[in-house]
Amino acid sequence: MSDVKMNELKRHDKVLFARIMPRLEYYEIHECVVATVHNDDYCTICDVKTKQSFLMHKPRAEEVLFHDRKLALKYIKEQKKINKNVKTYKKDGDVE
């Protein structure tokens, strides 16, 4: 689904990270910069706004990193449909 190839990533490349946590009903796109690429096995990306870092293994990176925002949005919408039956946590700690 992703349009990012791990072997093409370089330091300072701008990418979009489709971050998904279905149990928390969290579906967002983060604007990130590639901080490091290690032997085409994994990479570290850093959120532009919060400076939070994410370490990603090659298969995961090639699934959730994008250059094109439209593709990232399409991926998130598909994941929402797939995860619609996942039990979610409420604020009081109960599972819905």
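A residue counts as exposed when its relative accessible area is over 50%, as buried when that area is under 20%, and as partly exposed in between. With that in hand, welcome to a set of close-up views of this predicted model.

View 1. His12 sits in the segment before strand E1, which spans 14–21. With a relative accessible area of 56%, His12 is exposed, because that value is over the 50% cut-off. Its backbone also deserves a look: phi is positive here, about 80°, although His12 is not a glycine.

**View 2. An open sheet of 5 strands.** Here the strands line up in the order E4-E3-E2-E1-E5, and their pairing is antiparallel. The two edge strands are E4 and E5 (65–66), each of which pairs on one side only. Helix H2 packs on this sheet and touches E1, E2 (26–38) and E5. The direction of H2 makes about 125° with that of E2. As background, strands of a sheet pair through backbone hydrogen bonds, either parallel or antiparallel.

**View 3. The hairpin of E2 and E3.** These two strands run antiparallel and are joined by 6 bridges. His38 stands opposite Tyr42, a residue of E3. Between the strands of this hairpin there are 3 residues, and Asn39 takes a positive phi near 50°. How much of E3 is buried? The count is 5 of its 6 residues, so the strand is largely enclosed by the rest of the structure.

View 4. Lys51 belongs to the loop that runs between E3 (42–47) and E4 (53–57). Its phi is near 65°, a positive value in a residue other than glycine. Is Lys51 buried or exposed? Its relative accessibility is 57%, so Lys51 counts as exposed.

View 5. In E4, Phe54 and Met56 make up the covered face. The uncovered face holds Ser53, Leu55 and His57. Keep in mind that E4 is one of the edge strands of the sheet.

**View 6. Phe66 and Tyr75, a tilted aromatic pair.** The structure holds 2 aromatic pairs, and this view shows one of them, Phe66 with Tyr75. A pair of aromatic rings is described by the distance of the centres and the angle of the planes. For Phe66 and Tyr75 the centres are 5.6 Å apart and the planes stand at 45°, so the pair is tilted. Are these two residues buried or exposed? Phe66 has 0% relative accessibility and counts as buried. Tyr75 is buried too, at 4%.

**View 7. Gln79, a buried residue of helix H2.** Gln79 is placed in H2, the helix of residues 69–82. Its relative accessible area is 16%, so Gln79 is buried. Which residues does Gln79 touch, leaving aside its neighbours within four places in sequence? Its contacts are Ile20 and Tyr27.

View 8. Side chains of opposite charge can pair when their charged atoms come close. In the salt bridge of Arg69 with Glu31, the closest N and O atoms are 3.1 Å apart. Arg69 lies in helix H2 and Glu31 in strand E2, so the bridge links parts of the chain that are 38 residues apart. Arg69 is partly exposed at 36% relative accessibility, and Glu31 is partly exposed at 42%.

View 9. The side chains of Arg60 and Glu63 meet in a salt bridge, at 3.8 Å from N to O. Both residues lie in H1 (residues 58–64), 3 residues apart, which is about one turn of the helix. Arg60 is partly exposed, with a relative accessible area of 38%. Glu63 is partly exposed as well, with 32%.

Definitions and conventions: Residues numbered from 1 in each chain as written. Predicted model: local features only at pLDDT ≥ 70, side-chain atom pairs only at ≥ 80, totals over all residues. Heavy atoms only, no water. Helix = DSSP H or I, 4+ residues; strand = E, 2+ residues; numbered from the N terminus. Buried < 20%, exposed > 50% of the residue type's maximum accessible area, 1.4 Å probe, protein only. Contact = heavy atoms within 4.5 Å. Phe/Tyr/Trp six-rings, centres within 6.5 Å; stacked < 30°, edge-to-face > 60°. Pairing = 2+ DSSP bridges. Axes fitted to C-alpha atoms, helices over the stretch in contact; angles between N-to-C directions. Salt bridge = Lys/Arg side-chain N within 4 Å of Asp/Glu carboxyl O.
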